[in-house]
Amino acid sequence: MTSTAADLPTTPRRVRVRPLAFVRRHLLTAYALLAFAYLLVPIAVVIMFSFNHPKGRFNYVWQGFTWDNWRRWDAVPGLSSALVNSLEIAAIASVCATALGTLIALALVRHSFHGRSTTNLLVFLPMSTPEIVLGASLLTLFLSANAQLGFWTIVIAHIMFCISFVVVTVKARLVGFDRHLEEAAMDLGANEWTTFRKVTLPLIAPAILAALLLCFALSIDDFVITNFNAGTTVTFPLFVWGAARAATPPQINVVGTAIFAIAVTVMLVNVLWQRRSAAGSS
Amino acid sequence: MSFLHRHRGLVPYLLLAPGLAWLALFFVVPLGFLGHQSLEEQNPVDFSYTFTWAWHNYSDAISTYHPQLIRSFEYAGIATVVALLISYPLVYWIAFRGGRWKNLLLLFIIGPFFVTYLIRTLAWQTILADQGPVVHFLRDVHLINVIGDNDRLLATPTAVVAGITYNYLPFMALPLYVSLEQIDHRLIEAAQDLYANAGTAFLRVTLPLSLPGVFAGTLLTFIPASGDFINAQLLGTTRTFMIGNVIQSRFLELTDYPVAATLSFILMAIILLMVLVYSRVLGTERLTG
Amino acid sequence: MTEGLDRQSFLRRSFAIGAALTVPGIATELARAGLDVVDPKRLKKTLAFSNWPLYIDDVKGGRHPTLELFTKQYGVKVKYTEDINDNAQFFGKIQAQLRRGQGIGRDIIVMTDNTQFPALLVKQKWVEKLDKSVLPNIKNLQPALRHPSWDPNRDYSLPWQSGMTGLGYNDRLTKPVTTIDQLLTDKKLKGKVTLFSNMGDTLPLVVLANGDNPEKIDDATFNRALAKLQKAVKAGQIRQFTGNDYAPLMAKGDVVAGTVWSGDMVQLQADNAHLKFVIPKAGGAIWTDNMLVPSGGDAYTASVYMNFYYQPKIAAMVEEVVSYVCPVRGANQALLKADPKAARNTLIFPTQQMLSRLHIIDPTALVNPDYQRKWQKLLGA
């Protein structure tokens, strides 16, 4: 049988390599490298200036190298409390938003019910509304309700805008989920709750974790919505905003670099781990 | 458990209830309050508000702030187009040439996003500074007054658009990547079998198949960019203020809530309109999954 | 008129002074003076004090020696936050809660009198009355500041610092800029000039340049000043209108000249030694940042702190770092031995001749809605 295949005339599948194609091929790569440089240069500037040793209040001109800013990163008054606020808010908001969003995703994918399109719309709308409108409208609500603006109003706001992202993330995983595994489990005598706990949940856990991390990142970085609803509480982005006007201590770059490094490490680990498990399962 | 068995129909509603209640209470209701506020009037002496069905707020707002409205969509539009032009080749390269390293390379696009938005924008203040390398280079090639103004880049519209482009690039790149990555390579090979060269294959096969990504990317970039104010504040001047700056200052500095609320609704209305027109032009694409 | 004082030597000197003054001698002296009148049971455990950035003495590590002295003497911890960057923005943050009679979690806030906000806060009764029984040191307040029109008996406020608004320029990048007209029309400065976005800061200088009186602004005066500014904006002379964020621009050299605050220029010389401050030929403006107790704040503890600050020795410690105009009489004598250069710095302790060239803006102009609208249009925002 194979000999028959070898006898058939074959059409060449690859275009002959010509000089122009060579240039074109590498032009794209050269462009990609330039684009990466464009993306990374500002980050390099941020990292570089975290080691700057400014004599005055501002950190815009390179004046010398020092480890001081890293050693004494909390020497700037207000920075560490702002950072702690940001971390606490992000932790609470991401857990709550992930829980609420996962439930919605499960309902949307697994069940049929009336009002599916309304639900879709309600979930999708916050993502397509400008942040400034989200923040401003929440402020109006809080003011009308005589609420005390501060830590908890920020948490409420963050949970609100994160839910949509969780739904999208978890839904994507649920849609591609193989129901046969669950059916197999139930055939083997597991009830619905046990099946969910032992089969479904572990398999969608990566998506839930991804959603949790996404929420955490969005919450830590949020400025616009927080600015409207923070009252006199200060989070890290709010601190940077205030600092940009009066004095930009290098410690801001230190904290920014640290957050960046941690986030990239987490993602790197995730990518490498996925490749390993993909290699293992193939 | 038997309760749930008997009332199977209830399960989805129970699952949806907490999340949807949260969204209803903290997204829908506030918008209602905002609408109510947009029809109020402010007493300039003691900063109190009275509800007076003040529809004139809307016409007043448009006539006073139409420069900023137009400017916002102008800047956001340019930034979106530039972001598309920058990301498409880059993302194409990752999707088609990335091979095993695709996910790792994506990290380079997403990574910068993890530096706080404000800090990233402040870095651009340093890069585009009058005494910095970019401005010096542009001065040397005599392009500075073409691209910038008055021998500088900061405090010009160019700097603001550049900032918006950079900050929203991942929003353009990632949806583009998703749709490019999903293209079945056999389709391209088939085109080449039918004697298409690389360029034609791209134009006739790849590009059309990537349109859903282009659509999603442009929306995800344009919508938040038009409401942005941080780039205009940090890289521009009061004369490059976007509608976001006006809303922000009316809410947080001048506490002129009715005007701010009105502008917010106008912004949302215009965006919705643009999205509808855009989706008609590109064909009905399903936005929600 | 300007001194080239390096910020690092500021810090070193203030640390040295702080150390010298913290020696038991001064502490007991303070204790004897203060504790007689104050009832420690009425003091709050923590005083929440909101202020502008870089407006108090500080040493490396973010500590504030005067606040530490206060804590040592009265056992009251001070939660000091530098979260006021703009009068309007800060007011916007707190006004909703104040209107509903809620506290804002602060005992002392600091607002400038060339905006409408201190007057508004007093008029709306959104501030607490000071407790004068624990404020004997109010007698040290400079006479010129004792009866502002919006708080004639200083029942609700006490100055923290005063400051001068004038012209700042970078003498490496331009020849001296001495008049507003030069700032607004000199072609060599085109696109490299900043003005204050706050009407109360910029307007008096332009009114003076027109030969009018900023303490009595009528429509004609206002329109003349506005016309001058509009011309400059149209010609592209102004790079941008700023709040206190003109400082990084001047430090970087992106801005060559502009309206500035006196103390800023002294502090900024550490960033850029070429920055100079002058009062414009036609005259400059003087303003005061005032300590106020928002409703819900503890007026008793706040008054005790204010009394503490109004001791010349303490005010001197702050003044030495902040370099604005000191409202406490006798502070310059207190500084004389420890830091004679600062004690004789006329930007911190202006002479009578200088004071005669400085004017306060007409407060009614600040609340005129027509003027505000026209001003916003000028800003293009």
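K102(B) is buried, with a relative accessible area of 19%; buried means under 20%, exposed means over 50%, and partly exposed is in between, using a 1.4 Å probe and protein chains only. Its partner is E181(B): the two form a salt bridge, with the closest N and O atoms 3.6 Å apart. The term stands for a side-chain nitrogen of Lys or Arg within 4 Å of a carboxyl oxygen of Asp or Glu. E181(B) counts as partly exposed, at 34% relative accessibility. K102(B) sits in helix α4 (residues 102-110) and E181(B) in helix α8 (residues 157-181) of chain B, so the pair ties together parts that are 79 residues apart in sequence. Helices here are DSSP runs of H or I with at least four residues, strands are runs of E with at least two, and both are numbered from the N terminus.

A quick word on the ground rules. This is a predicted model, where local features need pLDDT of at least 70 and side-chain atom pairs count only at pLDDT 80 or more, while totals for chains, interfaces and linings use all residues. Residues are numbered from 1 along each chain as its sequence is written, chains are lettered from A and ligands numbered from 1 in the order in which they are written, and side-chain values use heavy atoms, leaving out hydrogens and water.

Now step back to chain B itself. You'll find 13 helices and 2 strands in it, and 53% of its 289 residues are buried.

Next, look at the neighbours.

On to chain C: 27 residues of chain B touch 26 of chain C in contacts, and the two chains bury about 2,200 Å² between them, 44% of it on carbon and sulfur atoms. Here, D130(B) meets R239(C) in a salt bridge (3.4 Å, N to O). R239(C) also forms a salt bridge with D254(C), the closest N and O atoms being 4.0 Å apart. Both R239(C) and D254(C) are buried.

Conventions: Contact means heavy atoms within 4.5 Å. Buried area is the accessible area (1.4 Å probe) that two parts lose on being put together, summed over both.
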